[in-house]
Amino acid sequence: MGAITNAAAAQPPAAVPGDEPERLQYLTFMLGGGTFAVGILHIKEIIEFGELTVVPRMPDFVRGVINLRGAVVPVVDLAARFGGEATAVTRRTCIIIVEIEDDGEQQVVGVMVDAVNEVLDIPADQVEPPPAFGASIRVDFIAGMGKVNGRFVILLNVGRVLSVEEMSALVTLEKEEALPA
């Protein structure tokens, strides 16, 4: 009987949930020389950049729409959405198909990026809050700053960046500004 007790005592304790920091997965990509990431749960697929159908009177950051297996999917140029120059198309340019929830409905949007890197596991304790100032993009677009190998990766809040409601408001505003006074 004593041997059983000793053998049980010699075994390491069972892992207790919550002992290890939660690890979240992110798809990283390049955009204008910076490294950004989106939570992997928002990603549907990654496709090669192809021909877009331009839709008149859309904001500059909406490059057009694509036909994705019969569905019309708007394509947002993230560099332009962040207030920068439009992304120059190269052989590495990709469209990341992202699914977001907007007003209780699932919306599918394509995101144009310079290049896709890799999927990274970033422990929750390695994510810092977004900077209060000094970022090259709107602070509300940033979910956090992930520390990876001594460098920061900007973790995007896709719900804010790709807010259908906000993008629609911008289209309405641009149309109103275009009307003669």
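Mentor: Buried means under 20% relative accessible area and exposed means over 50%, with partly exposed in between (1.4 Å probe, protein chains only). By this scale lysine 147 is partly exposed, at 34%. The model is predicted, so local features need pLDDT of at least 70 and side-chain atom pairs count only at pLDDT 80 or more, while totals for chains, interfaces and linings use all residues. Residues are numbered from 1 along each chain as its sequence is written, and side-chain values use heavy atoms, with hydrogens and water left out.

In one of them, lysine 147 meets glutamate 128, with 3.2 Å from N to O. Glutamate 128 belongs to strand S9 (residues 127–128) and lysine 147 to strand S10 (residues 142–148), so this pair ties together parts that are 19 residues apart in sequence. Strands (E, at least two residues) and helices (H or I, at least four) are DSSP runs, numbered from the N terminus. Glutamate 128 is also partly exposed, at 32% relative accessibility.

Another salt bridge links arginine 160 to aspartate 140, where the closest N and O atoms are 2.6 Å apart. Because arginine 160 lies in helix H3 (residues 158–161) and aspartate 140 in the loop between S9 and S10, the pair ties together parts that are 20 residues apart in sequence. Arginine 160 is partly exposed, with a relative accessible area of 32%, and aspartate 140 is partly exposed at 31%. Through salt bridges that share partners, Arg138, Asp140 and Arg160 are joined into one network.

A further salt bridge connects glutamate 45 and arginine 69, with 2.4 Å between the closest N and O atoms. Glutamate 45 sits in strand S3 (residues 43–48), and arginine 69 in the loop between strand S4 (62–68) and strand S5 (71–77), so the two tie together parts that are 24 residues apart in sequence. Arginine 69 is exposed, at 66% relative accessible area.

These strands also take part in a sheet: five strands form an open sheet with mixed pairing, in the order S3-S6-S7-S5-S4. Its edge strands are S3 and S4, each of which pairs on one side only; two strands pair if DSSP finds at least two bridges between them. The pairing of S4 with S5 is antiparallel and runs over six bridges. Isoleucine 66 stands opposite valine 73 in S5.

Methods
Salt bridge = Lys/Arg side-chain N within 4 Å of Asp/Glu carboxyl O.
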